[in-house]
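Hi there,

Here is the structure I promised to pass on to you. Have a look at it first, and then read my notes below.

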Amino acid sequence: LRTQIKKLSAIDPSGKFFKNILTSEEVGCEKPNSKIFEEALKRVGEKSSDCAMIGDSLSMDIEPSLKLGMKSIQTLEFVSNKNALSHQKPLKFSTIKTLNELWRMI
């Protein structure tokens, strides 16, 4: 939780855009399990089509959020070589080089 709070403070110091934090410890499972994404949607009270997932991992962030109908944005700032797609089907998502670029999309 502390790590996630530090990340959010860096990209949204005023807390204007990111009001909720959800960790795998709270849900009792880790990504890519859909329960964590479903709980996030439940907490914000929005449909999946009205929400976006921002993450660095294609298999842990992008693929599962797309399966639920969320918009997905991959940040390449933290990408590692373990980021291969689990299937060959082309996916539709946006890419940014750094989290600072996120603001042009909002």
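**Cysteines, core and charged pairs**

C29 counts as buried because its relative accessibility is 12%, under the 20% cut-off. Please keep in mind that this is a predicted model. C51 is also buried, at 13% relative accessibility. How many disulfides does the structure hold? The count is 0.

Both cysteines do have a place in the largest nonpolar core, which has 7 residues: C29, I36, F37, L41, C51, M53 and M70. Helix 3 (residues 34–44) gives the largest share of this core, with 3 residues. As background, nonpolar side chains tend to be buried together in soluble globular proteins.

Leaving out residues up to four places away in sequence, F37 touches K31, P32, M53, M60, D61, P64, S65, L68 and M70.

D61 lies in helix 4 (residues 58–67). Is D61 buried or exposed? It counts as buried, because its relative accessibility is 2%. Its side chain reaches the backbone nitrogen of D56 at 3.0 Å.

K31 forms a salt bridge with D61, and their closest N and O atoms are 2.4 Å apart. This pair links distant parts of the chain, since K31 sits in the loop between helix 2 and helix 3 while D61 is in helix 4, 30 residues apart. K31 itself is partly exposed, at 32% relative accessibility. In general, side chains of opposite charge can pair when their charged atoms come close.

The structure has 3 salt bridges in total. Another one joins the side chains of R43 and E26, at 3.1 Å from N to O. R43 is in helix 3 and E26 in helix 2 (residues 24–27), so this pair ties together parts that are 17 residues apart in sequence. Both ends are partly exposed: R43 has 38% relative accessibility, and E26 has 42%.

R43 has a further partner in E39, with the closest N and O atoms 3.0 Å apart. E39 and R43 are separated by about one helical turn, because they are 4 residues apart in helix 3. E39 is partly exposed, with a relative accessible area of 22%. Put together, E26, E39 and R43 are linked in a network of salt bridges.

Enjoy exploring!

Best wishes

Methods. Residues are numbered from 1 along each chain as its sequence is written. This is a predicted model: local features need pLDDT of at least 70, side-chain atom pairs count only at pLDDT 80 or more; totals for chains, interfaces and linings use all residues. Side-chain values use heavy atoms; hydrogens and water are left out. Helices (H or I, at least four residues) and strands (E, at least two) are DSSP runs, numbered from the N terminus. Buried means under 20% relative accessible area, exposed over 50%, partly exposed in between (1.4 Å probe, protein chains only). A polar contact is a pair of N or O atoms within 3.5 Å; within protein, one must be able to donate a hydrogen and the other to accept it, and residues adjacent in sequence count only if both atoms are side-chain atoms. A nonpolar core is a set of buried Ala, Val, Leu, Ile, Met, Phe, Trp, Tyr and Cys residues joined through side-chain atoms within 4.5 Å. Contact means heavy atoms within 4.5 Å. A disulfide is a pair of cysteine sulfur atoms within 2.5 Å. A salt bridge is a side-chain nitrogen of Lys or Arg within 4 Å of a carboxyl oxygen of Asp or Glu.
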